[in-house]
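Visitor: I have the structure open and some time to go through it. Can you walk me through the parts worth looking at?

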Amino acid sequence: MKPSMFSLTGVGREWGPRVALADIDLKIAKGERVALIGPSGSGKTTLLRLLMASLQASSGSLLVNGVSVAEMTPKQIRSHRRHCGLVDQGLQVIPRMSVHDNVIAGRVASWPWWKTLMSTLIAVDRDDVHALLSDVGLGDRQWDQADELSGGQKQRVSIARALAGEPVLLLADEPTAALDPTTASEGLELLIAVSKKREATLIISTHRASQVIERVDRVLGLREGKLVLDKPAANTTPEDLDALYAGSRERA
Amino acid sequence: MSEHRSVSEHRSREPRRSRPSSWVAAFVLLTLVLSYWHTGIDAGALFDEQGWQSFSEMLGGLTSPDLSRTFLARIGTLALESLLIGLLGTAMAIVLAIGLAIASARLPQLAHDPARTRAQTFGGALIRACARAVLACFRAIPEILWAFLFVRIFGLGPAPAVFAIAITFSGTVGKLFAELIESIDPLPAQRLRAAGASRVAVFLYGVLPLVRKQWVAYALFRLECAIRSASILGVVGAGGLGMEIDLSIRYFQYDKLATALLAVLAYVLVLEAISHVLRKTRPLVSVACMALGALAGILWIRIPWSELFNPTSLDQLRTFLSGFSSLTSDGGFLWTATKLAMITVSMAWVSTVVAAAVALLLAPMAITRFTIRGYLQDAPEGRGLGRWAFLAVLVPARTSLQVARALPELVWALLFILWVGPGVTAGVLALTVHTVGILGRLYSDVLEETEPGPPRALEAMGAGPVARYVYGVLPQSMPRILAFTLFRFEVNVRAAAMVGFVGAGGLGDALHTAISLFHMRDLASLLVLTLCLVLLVDTIGDHVRARVLRGSR
């Protein structure tokens with residue numbers, strides 16, 4: 001048994017009267033690749049934000065590597081966040097910056113402030129960024145403006161940015177929502193590949209379950225804020241998915 | 001191996017190591033150093049023992065302001081006088097501005113109107129050109145100069161300030177009113193023309209309804225500026241709070257100076273609060289307030305209309321105008337004046353650049369999003385004092401921006417003259433401090449309006465304030481920040497000519513001397529030069545700003 005990276009007991013989160021997550025018990029081990037599925041509004045994003053310590057839990061306890069988030073100092077929280085690489089559908093690229101700067105943005109968190117300032121005047125870490133971009137197949141676009149890229153390319157930039165901070169945990173929030181099926185599946189493939197290469201824990205949240213399941217180790221299913229499915233990917237059956245999505249208008 | 005080659009191939013196509021931003025930074029730094037050297041600023045004067053002593057005496061006065069009842073009553077009266085000057089001046093400015101705007105704007109015409117003769121077309125163009133020239137003159141010459149000119153005609157008192165504000169503000173208001181007329185939908189006016197309506201009817205029914213709202217909004221915005229400006233014109237003897245500041249500095253009464261300074265500060269803050277409240281009500285309420293205020297102004301400030309037309313002032317006017325007819329006769333003086341104009345531009349540049357740098361630092365500190373809340377909603381705060389330490393940043397940053405902005409350049413100039421003595425150094429310091437306040441406010445507005453996505457994502461990945469600022473917020477707000485800064489530079493060119501009036505170097509010093517000694521010929525040359533300078537900077541600024549903003553889209 002690998003040591004668990006996350007350990008959640010009875011974790012819940014409310015937004016006013018609305019319950020986004022209730023009573024989640026969960027352990028995620030280092031190096032696991034997990035798919036987090038469920039209809040939209042089932043609490044996937046909320047769970048990811050809790051794991052990244054960018055949202056407070058309303059109840060329960062959340063341990064990261066054995067330390068409770070509620071007990072952490074600001075410094076520890078920031079250090080945990082720095083170990084997370086985020087691929088967010090909401091923000092693929094930072095507009096009005098070059099591809100190079102977009103990738104660098106994933107690394108500035110661990111720099112002292114003077115290095116951050118200097119990096120706006122002199123392009124730093126050019127070879128590192130080039131290597132990262134080559135990994136995602138964009139080696140020749142390093143100095144282009146990020147806004148000029150296609151949707152799929154922008155997503156690759158956001159993957160490269162997530163990797164730039166050398167994360168031990170990769171989180172992808174609906175990484176494929178805005179993409180056509182072929183591009184989406186290439187993107188997922190890439191995420192799996194890079195997380196394997198770096199031995200990083202990977203958590204992909206998506207409401208399109210079918211694309212992901214065969215590529216991960218474990219499937220977590222959320223429905224109306226409750227964890228209703230937790231199985232190794234190999235044992236997950238179409239019936240499980242049907243039960244998860246039953247009554248919702250979306251299909252897996 | 002193949003990967004290695006691809007890297008080296010890439011290198012050959014790669015742009016130079018330095019980035020565009022570093023070229024801009026190098027350019028700004030170079031021009032800054034050149035201007036600094038050109039103006040001959042003496043930063044060492046800040047540490048001059050004697051200057052420091054008189055300044056600390058002044059600071060000492062601040063700790064014990066004169067709060068005697070008679071003096072407070074005087075200050076209150078002067079503040080009221082300032083307010084009325086601003087209201088009456090703006091009301092007059094608006095009347096003037098409407099006339100000039102109609103004369104200088106092209107009302108919508110019918111294409112190939114057979115009823116329109118060539119003489120009419122030509123005459124219209126001539127009138128427009130003249131009206132525009134008048135607007136440009138009114139706008140380009142700082143109000144303090146107009147105030148001082150009128151002081152020489154009317155003598156001391158609030159009337160000169162009213163005229164100064166009426167003239168300067170009619171220049172800016174008139175220009176914008178005309179621009180608004182020219183940007184309306186021409187169809188309603190054209191229909192009226194086609195139906196044979198007169199010029200007056202076309203204006204009343206085809207133009208006015210379309211621009212009324214924007215006119216009122218802009219006039220009210222300028223009213224606030226005018227009231228603020230009225231608090232300071234007294235330093236050349238034109239009534240209001242400024243008069244007390246000038247007198248108390250002249251007689252070294254620092255306790256009275258302290259009270260006057262605090263009064264200006266309170267005056268500006270109260271004004272801001274009132275306009276904040278009024279902006280939430282209907283514009284009609286504010287217009288009614290302004291009309292009532294102007295009426296009170298007419299009753300309170302007895303404007304000596306007869307003085308305008310008595311033989312002495314007419315005589316002075318004649319000498320003044322005759323100065324223009326013999327402009328270029330003194331080449332040596334013109335050369336000196338040109339050098340002064342260049343120094344004025346350098347002063348404006350140094351202070352704008354330095355102020356922009358300081359404001360870029362202070363603006364994020366004054367925003368709760370950066371210092372306290374963060375971009376993540378309801379994130380775990382972490383335990384310990386770290387969070388509260390930021391309050392110690394927010395409060396001083398906000399206060400210093402507020403004070404820097406509330407006291408006008410001229411007041412800062414007077415204070416710095418106490419410290420470093422009269423001259424360019426005091427002028428640049430004054431401009432810098434005030435510009436920090438203005439730009440800091442503008443920048444923080446821009447920063448608060450930025451798309452929160454990028455900084456939020458960076459914060460979620462553990463980025464600190466500097467990284468969030470530089471990588472998440474600045475890239476998207478840079479075009480607007482640049483545009484604001486350039487605009488402020490244009491304003492500062494005018495302001496640099498203004499601070500000279502109280503002895504802080506540049507063109508203003510020469511203008512002051514010329515008016516004081518009635519050297520009308522010199523004055524005419526200097527005025528023409530100021531006009532050219534301001535118009536030149538404005539034109540260049542308009543083009544550069546349009547490019548900066550266009551490039552952002």
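Guide: One definition before the sheet: two strands pair if DSSP finds at least two bridges between them. Also, this is a predicted model.

Visitor: Fine. What is the strand order in the open sheet of chain A?

Guide: The order is E6-E7-E8-E3-E9-E10 in chain A, six strands with mixed pairing.

Visitor: Which are the edge strands?

Guide: Strand E6 (84–88) and strand E10 (226–232) of chain A, each of which pairs on one side only. From one strand to the next, the twist averages 15 degrees.

Visitor: In which sense do E3 and E8 of chain A pair, parallel or antiparallel?

Guide: Parallel, over five bridges; E3 covers residues 33–37 of chain A and E8 covers residues 201–206 of chain A. To find the pairing on screen, look for Ile37(A), which stands opposite Thr206(A) in E8(A).

Visitor: And E1 of chain A, how does that pair with E4?

Guide: Strand E1 (residues 4–15) and strand E4 (residues 59–64) of chain A are antiparallel, with five bridges. Gly12(A) faces Ser59(A) of E4(A) there.

Visitor: What does E4(A) form with E5(A)?

Guide: A hairpin, with two residues between the strands. E5 is residues 67–68 of chain A, and its pairing with E4(A) is antiparallel over two bridges. Leu63(A) stands opposite Ser68(A) in E5(A). In the turn, Asn65(A) has a positive phi of about 50 degrees.

Visitor: Switching to chain B. How do the axes of H5 and H7 cross?

Guide: Helix H5 (residues 118–140) and helix H7 (residues 158–182) of chain B have axes that come within 7 Å and cross at roughly 125 degrees. H5(B) and H7(B) therefore count as oblique to each other. The crossing of H5(B) past H7(B) is left-handed.

Visitor: Which residues meet there?

Guide: From H5(B), Leu135(B), Phe138(B) and Arg139(B); they meet a set in H7(B) that includes Ile167(B), Gly171(B), Gly174(B) and Lys175(B). The contact of H5(B) with H7(B) divides into three nonpolar, five polar and two charged residues.

Visitor: Last topic: how many residues does each chain put into the contact between A and B?

Guide: Chain B gives 36 residues and chain A gives 42 residues. On the chain B side, H1 (2–13), H2 (20–39), H17 (386–389), H21 (453–460) and H22 (465–499) each supply at least two residues.

Visitor: Which one gives the most?

Guide: H22(B), with seven residues on the side of chain B that touches chain A. That side divides into 17 nonpolar, 13 polar and six charged residues.

How values were computed: Residues numbered from 1 in each chain as written. Chains lettered and ligands numbered in written order. Predicted model: local features only at pLDDT ≥ 70, side-chain atom pairs only at ≥ 80, totals over all residues. Contact = placed C-beta atoms within 7 Å. Helix = DSSP H or I, 4+ residues; strand = E, 2+ residues; numbered from the N terminus. Nonpolar A, V, L, I, M, F, W, Y, C, P; charged D, E, K, R; others polar. Axes fitted to C-alpha atoms, helices over the stretch in contact; angles between N-to-C directions. Parallel < 35°, antiparallel > 145°, perpendicular 65-115°, else oblique. Left-handed = near helix turned anticlockwise from the far one by under 90°.
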